[in-house]
Amino acid sequence: MRVIVVGAGVVGTMHAWHAVDRGHEVVQIERESEARGASLRNFGQIWVSGRAGGEELATALRARELWQEIGGRVPGVGFRACGSLTPLRGELETAVAEAAVARADAADRGYRLLTADEARVLNPALRGDFAGALWCERDAAVEPRTAQLALKQALLASGRYTFLGGREVREVVGAASVRDDHGDIHTGDAVILATGAWLGGLVRELAGPGLPVRRVRLQMMQTDPLGEGLTTSVADADSFRYYPAYRGDALEALNSGQPQAPTAAEHRMQLLMVQRRDGGLTIGDTHEYEHPFAFDTVQEPYDHLTRVVESFIGRPLPRVRRRWAGVYAQCTDTTRVVHRQQVRDGVWLVTGPGGRGMTCSPAIAEATADELDW
């Protein structure tokens, strides 16, 4: 079987991975020389903790297993089972964490409520003032800037994989066949369009104007090395407001009794933080939904994140050396894990995982392979 994958972000690359791993031939086509979109501009978090119960959690847990397996085979992915801590301040934040620990699926996520001292045993870099923390053992991390490149090298070593960068697919010319902007036609037994936030052009033509997917913009930053290990991922209690696992009476009480800081509310913010292998910290993020998106980044969210991080680590943040914006595709019905649609004979569009893309992509691609009986 020959599979044509359009798009070299993490969703497309995981489709290529599963196809090659099942013994098939893959041609992967990317309009940039290498992927440059949301798959590189994220935290690299394998984020199980906040996922909605049911299909979303099951997908994240399966993806977590697959990431660990792939990371063992491809060390350059940078997989590490670091878990996450959400430091807590006050009764309202603690009540949300207590409700999470009481969930029927809490054990699947590895939830546990810790004292501040217990949290510092897991992550000694958290020297700031907080009363306790929510621990999620199942969370993990990979290196987003290098994971796709490492996976590509492993795929090339199979002998059944071809990468074509700097080519934009312009047209479907027959069953499971596409033409690129060099005029070359690529024919297979299946075509996967994993074009990320690129939802215009050919995607609009194939899927129609009613595609139930929207684009979301975010701002993030990365620091110089911290100078010590940040041994877990770290979130703040604003993440409770963002992730569906925490919805309920306790979250409503938090929202009404302890509103977000004005900057965080304006930019729909939460703190997520992961240490990179070079010691730097990836920190974010914001959420912007209204089009047209701004073309610049603004300083106030970075100032807010700096204050929150410094309050947790009890020391000044290292120098910020990178700031960036990214755009990802999210299903308008946010309860859906992904939008998977057959748009022509032999051609499937797979898009819209939103902020779940890095977490869930291995399981999303596995489900596609199973559905198409690869």
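Student: Is glutamine 148 buried or exposed, and why?
Tutor: Glutamine 148 counts as buried because its relative accessibility is 8%. Buried means under 20% relative accessible area, exposed over 50% and partly exposed in between, with a 1.4 Å probe and protein chains only. This is a predicted model, where local features need pLDDT of at least 70, side-chain atom pairs count only at pLDDT 80 or more, and totals for chains, interfaces and linings use all residues. Residues are numbered from 1 along each chain as its sequence is written, and side-chain values use heavy atoms, leaving out hydrogens and water.

Student: Where is glutamine 148?
Tutor: Glutamine 148 is in helix H6. Helices (H or I, at least four residues) and strands (E, at least two) are DSSP runs, numbered from the N terminus.

Student: What is glutamine 148 in contact with?
Tutor: Leaving aside neighbours within four places in sequence, its contacts are Ala8, Gly9, Val10, Thr13, Ser39, Leu40 and Met358. Contact means heavy atoms within 4.5 Å.

Student: Which elements do the buried residues of H6 pack against?
Tutor: They pack against helix H1 (10–21), helix H2 (55–73), strand S8 (161–165) and helix H12 (357–371). Among those buried residues are Pro144, Ala147, Leu151 and Leu155.

Student: Switching topic, what is the strand order in the open sheet of eight strands?
Tutor: The order is S5-S6-S4-S14-S15-S16-S13-S17, with mixed pairing. Strand S5 (111–115) and strand S17 (320–331) are the edges, each pairing on one side only. Two strands pair if DSSP finds at least two bridges between them.

Student: How many bridges join S5 to S6?
Tutor: Five, and these strands run antiparallel. Leucine 114 stands opposite alanine 133 in S6.
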